[in-house]
Amino acid sequence: MGAKSSLAPLLLPLAEQVECSALDPAALPLIRARHVRLLPPDQARRIHYSRQDVRNLHGRWDLIVLKSVLGGVHRAHDSTPADLGATLSDIVHNHLETGGWLITLDNGRTVLEPLLARFGARRNGWRFFRRGGFLPADACYGFGATRLGRLGRLVDDALYGIDCLLTPFLGCTAGPCTFYCRF
Ligand SMILES: C[S@@+](CC[C@H](N)C(=O)[O-])C[C@H]1O[C@@H](n2cnc3c(N)ncnc32)[C@H](O)[C@@H]1O
């Protein structure tokens with residue numbers, strides 16, 4: 001859900017059918033065209049396209065993957081952790097088949113976060129999550145550290161090094177990944 005770069009092809013080995021959905025239906029033809037270009041026809045045919053709003057889903061699935069979606073849906077300035085909890089709970093209880101899984105992968109707060117926010121990197125209010133910022137999950141993993149594209153490789157590598165060094169000690173994570181199962 002919230003497709004752009006599209007994980008759908010990666011999910012084909014896991015399911016008979018994969019639903020690739022976006023909030024803006026106008027984004028779907030481009031995503032479909034890329035799948036048709038990159039995938040063998042029999043695989044491309046197994047991907048279905050839909051418009052879905054994660055705050056108002058229609059349907060039930062065995063697996064839902066949300067990559068870099070929740071941070072934009074629940075922005076820091078107009079949403080609370082309770083709102084996030086309500087969205088996650090609604091998805092798990094009302095939109096997963098029994099035994100179904102919800103996997104979320106988002107941007108996390110690393111040790112550099114206050115510095116980045118201080119220099120205006122977070123003006124759009126995109127929410128960067130703390131490790132414990134989600135409803136208790138069946139599993140939760142965190143990935144390494146931040147990289148900054150334009151500021152130049154040198155600054156980027158130096159900051160990345162500091163991040164790798166300090167983040168583990170401060171209980172931060174750059175990419176929290178949570179797994180929820182509807183038993
Ligand atoms: C940062 S992009 C991530 C795109 C893609 N998942 C990826 O990882 O490359 C955020 C995506 O969230 C989608 N989005 C924003 N609000 C949404 C909502 N309420 N329901 C579903 N998707 C939403 C946007 O359309 C956009 O495609």
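Visitor: In which strand is the place of Leu63?
Guide: The model is predicted, so local features need pLDDT of at least 70 and side-chain atom pairs count only at pLDDT 80 or more, whereas totals for chains, interfaces and linings use all residues. Residues are numbered from 1 along each chain as its sequence is written, and side-chain values use heavy atoms, with hydrogens and water left out. Strands are DSSP runs of E with at least two residues, numbered from the N terminus, and Leu63 lies in the one that covers residues 61–67, strand β3.

Visitor: Does Leu63 count as buried, partly exposed or exposed, and what is its relative accessibility?
Guide: Buried means under 20% relative accessible area and exposed over 50%, with partly exposed in between (1.4 Å probe, protein chains only). Leu63 therefore counts as partly exposed, its relative accessibility being 30%.

Visitor: Which strands stand at the edges of the sheet?
Guide: Two strands pair if DSSP finds at least two bridges between them, and four strands form an open sheet of mixed pairing in the order β3-β4-β6-β5. Each edge strand has a single partner, so one side of each is left without a neighbour in the sheet; these strands are β3 and β5.

Visitor: Which residue is the bridge partner of Trp101 in β6?
Guide: Strand β4, residues 96–105, pairs with β6 in the antiparallel sense over five bridges. In β6, the partner of Trp101 is Cys181.

Visitor: How many of the five residues of strand β6 are buried?
Guide: Strand β6 covers residues 177–181, and it is largely enclosed by the rest of the structure because most of these residues are buried. Of the five, the number buried is four.
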